[in-house]
Amino acid sequence: MDYAAEIERIGAENRRRMSMLMDELDEAKLQTERNAQACAERFAAEAAHEQGEREQAALPTADEEHARRASEAREQQEAAARREAQAQQQRTALRAAPVRRANDPAIQQHYEPLRENREQTEQLTEAERRETELREQRAAIARAAAFRKANDVVRPVDDEDEDDEYYRRKSWLV
């Protein structure tokens with residue numbers, strides 16, 4: 001048995017099979033490229049058709065959209081002017097309001113409503129929001145200080161109050 005000749009025959013058979021496989025791969029690559037090209041052309045044609053339809057549909061709505069945005073801008077400006085006028089009236093009313101004691105329930109009506117009660121739809125700028133928060137904080141601090149000051153002194157209900165000494169003691173650290 002001639003091993004060299006057998007190895008040569010096996011090598012030749014492998015080269016022939018490899019050549020056939022390479023040809024099949026090349027043909028598959030070529031077919032894939034053709035399919036990809038056809039899909040790309042079809043996609044481009046569909047995209048161009050849809051873009052044309054969108055442009056035709058957008059022409060009448062663009063004018064409507066512009067008119068709607070203009071009316072919204074006007075409404076926002078008018079609402080801002082109304083809010084500013086109301087705020088100015090409130091400031092004027094607060095300056096002219098009589099001074100009341102902190103524990104008087106009627107004093108609460110002179111403070112601005114809390115943020116939770118305000119309409120959530122109004123859009124404030126960052127400066128307005130910061131100013132509003134500072135105003136609310138100052139009002140809360142003023143209310144708390146006035147309440148503490150007003151309730152600082154405890155008076156007995158009558159002269160025979162048995163708890164009078166308890167409430168008048170100097171130190172509350174028991």
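**Reading helices, salt bridges and patches**

Tutor: Start with one residue. Arg54 is partly exposed, at a relative accessible area of 48%. Keep in mind that this is a predicted model.

Student: Is 48% for Arg54 to be read as buried, partly exposed or exposed, and why?

Tutor: Buried means under 20% relative accessible area, and exposed means over 50%. Arg54, at 48%, falls between these cut-offs, so the label is partly exposed.

Student: Which partner does Arg54 have in a salt bridge?

Tutor: Glu50. The closest N and O atoms of the pair are 3.8 Å apart. A salt bridge needs a Lys or Arg side-chain nitrogen within 4 Å of a carboxyl oxygen of Asp or Glu, so this pair counts. Glu50 is partly exposed too, with 40% relative accessibility.

Student: Why does a spacing of three or four places matter in a helix?

Tutor: An α-helix has 3.6 residues a turn, so residues three or four places apart point the same way. Now look for other pairs with such a spacing.

Student: What do Arg9 and Glu6 show?

Tutor: Their side chains meet in a salt bridge, at 2.6 Å from N to O. Arg9 and Glu6 lie three residues apart in helix α1, so about one helical turn separates them. Glu6 is partly exposed, at 29% relative accessibility.

Student: Which salt bridge does Glu126 form?

Tutor: Glu126 pairs with Arg129, and the closest N and O atoms are 2.3 Å apart. This pair belongs to helix α2, with a spacing of three residues, about one turn. Glu126 is partly exposed at 43%. Arg129 is partly exposed at 33%.

Student: How many salt bridges does a search of the whole structure find?

Tutor: It finds 11. Salt bridges can also link up: Glu65, Arg68, Arg69 and Glu72 are joined in a network of them.

Student: Step back to the fold. How many helices and strands does the chain have?

Tutor: Three helices and zero strands. Along the sequence the pattern reads α-α-α.

Student: How do I check the span of helix α2?

Tutor: Compare the distance between its end C-alpha atoms with the expected value at 1.5 Å a residue. Helix α2 covers residues 126–150, which is 25 residues. Its reach is 36 Å, close to the expected 36 Å.

Student: Which residues of α2 are buried?

Tutor: Thr132, Glu136 and Ala139. For the chain, buried residues make up 5% of its 174 residues.

Student: Now surface patches. Which residues form the negative one?

Tutor: Look for like charges on residues with over 30% relative accessible area and no salt bridge. Here Asp23, Glu24, Asp26 and Glu27 form a negative surface patch. Asp26 lies in helix α1, which spans residues 3–96. At 43%, Asp26 is partly exposed, so it clears the 30% cut-off.

Student: Which residues make the nonpolar surface patch?

Tutor: Met1, Tyr3 and Ile7, with an area of about 450 Å². Met1 is in the segment before α1. With 82% relative accessibility, Met1 counts as exposed.

Student: Which kind of patch includes Asp26, and which includes Met1?

Tutor: Asp26 belongs to the negative patch, whereas Met1 belongs to the nonpolar one.

Notes: Residues numbered from 1 in each chain as written. Predicted model: local features only at pLDDT ≥ 70, side-chain atom pairs only at ≥ 80, totals over all residues. Heavy atoms only, no water. Patch = residues over 30% accessible without salt bridge, like charges linked within 9 Å, V, L, I, M, F, W, Y side chains within 5 Å. Areas by Shrake-Rupley, 256 points an atom, 1.4 Å probe, with all protein chains shown as cover. Lys, Arg positive; Asp, Glu negative; His and termini not counted. Charge placed at Lys NZ, Arg CZ, Asp CG, Glu CD. Helix = DSSP H or I, 4+ residues; strand = E, 2+ residues; numbered from the N terminus. Buried < 20%, exposed > 50% of the residue type's maximum accessible area, 1.4 Å probe, protein only. Expected span 1.5 Å × (residues − 1).
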